[in-house]
Amino acid sequence: MVLTVFSILLALFHFVGPMPTDLGIHQGQLSSCESPAHCARLEWERNDPVESLRELAEVIQQTPRSEIVEQRADYLHATASSQIFGFVDDLELYADSERSVLQARSVSRLGESDLGVNEQRLRSLEAALSNQE
């Protein structure tokens with residue numbers, strides 16, 4: 001009985017929200033952030049951005065509450081959920097081989113502020129890249 005009530009409460013507090021409509025590559029770029037309060041976007045110069053994307057895909061697969069939704073050689077879309085309330089963020093990586101850059105974007109589906117979570121997610125991925133080079 002207690003487990004059932006607890007499961008219902010968790011389901012009530014799982015805030016997924018609609019998937020952003022601006023995901024993907026647009027004219028060779030990931031979308032910009034409309035508001036830095038709930039979105040972060042960075043670019044990292046990489047000798048081989050495709051290999052860097054592949055390495056980060058492995059990191060993301062091992063990250064709790066993260067799931068790869070779409071993966072191609074030059075693009076990755078994943079979701080990450082917060083531990084307590086289940087807020088969902090969308091993470092994108094684009095290997096821009098023409099410019100030798102790995103583009104990264106993380107955006108919250110709900111809320112006006114992410115309390116720096118998206119920026120921290122990208123900084124953690126950047127640190128993982130630095131450790132692998």
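This passage describes the fold of one protein chain, from its overall make-up to single residues.

The structure is a predicted model, in which local features need pLDDT of at least 70, side-chain atom pairs count only at pLDDT 80 or more, and totals for chains, interfaces and linings use all residues. Residues are numbered from 1 along each chain as its sequence is written, and side-chain values use heavy atoms, with hydrogens and water left out.

The protein chain holds three helices and seven strands. Both are DSSP runs numbered from the N terminus: helices are H or I with at least four residues, strands are E with at least two. Read from the N terminus, the order is α-β-β-β-α-β-β-β-β-α. Of the 133 residues, 38% are buried, meaning under 20% relative accessible area; exposed means over 50%, and partly exposed lies in between (1.4 Å probe, protein chains only). The chain exposes about 7,900 Å², with 55% supplied by carbon and sulfur atoms. Accessible areas come from the Shrake-Rupley method with a 1.4 Å probe; for residues, only the protein chains shown count as cover. Among contacts (heavy atoms within 4.5 Å) with a separation of 6 or more, 58% join residues 24 or more positions apart.

Five strands build an open antiparallel sheet, in the order β3-β7-β6-β5-β4. Two strands pair if DSSP finds at least two bridges between them. Strands β3 (39–45) and β4 (66–71) are the edges, each pairing on one side only. From one strand to the next, the twist averages 15°. Angles run from 0 to 180 degrees between N-to-C directions, and axes are lines fitted to C-alpha atoms, for helices over the stretch in contact. Strand β3 is joined to β7 (residues 101–108) by seven bridges, and the two run antiparallel.

Leu 122 lies in helix α3 (residues 117–132). Leu 122 counts as buried because its relative accessible area is 0%. Not counting residues up to four places away in sequence, Leu 122 touches Ala 40, Arg 41, Leu 42, Trp 44, Leu 91, Ala 104, Arg 105 and Ser 106. Its C-alpha atom is 9.7 Å from that of Glu 43, 79 residues apart along the chain.

Phe 85 sits in the loop between β5 and β6. Phe 85 is partly exposed, because its relative accessibility is 38%.
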